[in-house]
Amino acid sequence: MHRELGIFFRLTIPLLLGVLAPAPCEAEWYKGVTHVHSLWSDGDTAPEVIAAWYKERGYNFAAFSEHHVLQEGDKYFSIMPDSYLTPADVEEIKQQFDEDWVEIKQEGNSTRMRLKTHEELKKHFDEPGKFLLFPAEEITSLGGPHVNALNIREAIKGERGDYAVLIQHYIDQVNAQRQQYGLPMIAHVNHINFSDGVTTEELLKLHGLEFFEVYNGHPAVHNWGNAGKGMPATDRHWDVIESMNLLTQPDYLLYGVATDDSHEYKAWEVGKSNPGRGWIMVNADSLDTDALIRALQKGAFYASTGVLLDNIVSDGKSLSFTIQAKEGVQYKTQFIGTLKGFDSRSQPVLDTAGKPLPRASHTYSDEIGKVLAETGDTSPRYAFTGNELYVRAKIVSDKLQDNPFADGDLESAWVQPVLVK
Ligand SMILES: [Zn+2]
Ligand SMILES: [Zn+2]
């Protein structure tokens with residue numbers, strides 16, 4: 001359990017009282033992952049084995065986000081040697097759970113196992129205050145953008161077309177379900193540098209873009225950019241979108257999540273899309289889906305690939321937090337932001353013939369996403385000068401991540417941007 005006191009918005013009252021008395025409704029940090037695949041789509045393992053993996057490692061919540069579908073209805077998966085579900089896999093599931101847990105159906109020459117539904121998985125794994133599964137889907141455009149829809153109630157169909165139009169359509173559909181069901185739901189745009197990528201300019205066309213993956217643990221997603229294709233690092237997309245949207249939407253905030261996008265649970269190494277690489281730490285009043293999603297909506301969370309934080313405070317004058325430092329590990333914190341009156345011009349990336357590189361994002365001025373301050377302190381604090389539009393923080397340690405998505409990746413964390421008024 002993560003019982004560290006996380007102080008976001010309720011700091012002032014105890015300070016006025018002069019003591020750090022516990023607030024009436026004490027928020028806690030909950031560790032979770034919102035992008036996970038199983039046999040319901042193209043993951044290589046049954047969902048119960050994956051849910052158990054996360055729960056046993058101290059995660060507090062997980063959302064399976066299968067391509068195209070919610071985990072509901074009858075779905076049978078063929079048991080075959082050299083497949084994602086071998087006879088040996090089924091024996092292991094029986095041993096891990098129960099002989100009766102596994103339901104097998106014989107049809108002609110085919111032996112198949114019924115996949116556990118979201119409701120069945122919840123019934124088995126949910127534990128108050130300790131672990132929670134909530135529904136999700138990865139809305140998937142084949143050869144195009146992918147968007148995760150958290151806590152939705154009806155599957156949303158992936159379509160083909162203009163990337164910005166598609167993503168807008170998915171965000172609108174999630175919002176429509178949110179209205180229809182009266183439940184908190186959010187959408188996050190996934191792995192924006194995967195395959196042909198989604199350009200910064202396409203993302204700038206969207207209305208209501210609130211979340212994106214600043215980190216995704218899949219080895220094919222180019223988190224740190226792909227220069228040959230004119231793809232900036234996810235951090236760069238973030239600063240450009242945040243800055244440019246603030247020109248027309250004074251309260252605009254874009255939040256970054258870290259996810260696993262795990263598919264492979266049988267072989268563990270760099271180059272495999274294994275779990276355990278990227279997650280979010282959410283500061284919520286309780287471990288239930290409503291509280292978690294509402295906390296995400298107000299930015300009460302940070303993204304991590306190994307660095308843990310506490311006491312994240314934005315009091316209008318500064319942004320500060322503490323790093324849960326590991327012995328022998330050094331931490332570098334960069335406070336990043338854009339100042340008022342920045343140069344908002346951009347240029348297309350050209351190929352060697354001088355033509356715009358297809359599907360490249362534009363380049364923007366260095367005045368966007370400047371490093372405003374850098375420190376090795378484990379209690380970093382940045383005092384606003386009042387010239388900033390927003391400030392966020394990135395913490396990079398010198399500790400190599402165990403089983404990273406790419407060799408050499410360092411344990412890091414991202415604090416969400418806050419507006420400076
Ligand atoms: Zn995807
Ligand atoms: Zn995925």
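Guide: Buried area is the accessible area (1.4 Å probe) that two parts lose on being put together, summed over both. Between domain 1 and domain 2 about 1,400 Å² is buried, and carbon and sulfur atoms give 59% of that area. L39, L115 and K116 supply 32% of what domain 1 buries against domain 2, more than any other three residues. This is a predicted model, in which local features need pLDDT of at least 70 and side-chain atom pairs count only at pLDDT 80 or more, while totals for chains, interfaces and linings use all residues. Residues are numbered from 1 along each chain as written, chains are lettered from A and ligands numbered from 1 in the order in which they are written, and side-chain values use heavy atoms, without hydrogens or water.

Visitor: Which residues make up domain 1 and domain 2?

Guide: Domain bounds come from an automatic or database domain assignment. Here domain 1 covers 12-75 + 115-419, and domain 2 covers 76-114. Their centres, taken over C-alpha atoms, lie 35 Å apart. With contact meaning heavy atoms within 4.5 Å, 18 residues of domain 1 touch 13 residues of domain 2.

Visitor: How many salt bridges are there between domain 1 and domain 2?

Guide: Side chains of opposite charge can pair when their charged atoms come close. The rule asks for a side-chain nitrogen of Lys or Arg within 4 Å of a carboxyl oxygen of Asp or Glu. Three salt bridges are counted between the two domains, and the whole structure has 22. The side chains of K266 and D89 form a salt bridge at 2.9 Å, N to O. Another salt bridge joins E91 and K94 at 3.6 Å, N to O. Both of these residues belong to helix 3 (residues 87-96), three residues apart, about one turn of the helix; helices (H or I, at least four residues) are DSSP runs, numbered from the N terminus.

Visitor: Which residues coordinate the zinc ion (ligand 1)?

Guide: Donors are N, O and S atoms within 2.8 Å of the metal (3.2 Å for Na, K and Ca); water is not among the atoms, so sites may look incomplete. For the zinc ion (ligand 1), E138 (OE), H146 (ND1) and H191 (NE2) coordinate at 2.1 Å. The spacing of these donor residues in sequence is E-x7-H-x44-H. E138 also coordinates the zinc ion (ligand 2), which lies 3.4 Å from the zinc ion (ligand 1).

Key:
Helix = DSSP H or I, 4+ residues; strand = E, 2+ residues; numbered from the N terminus.
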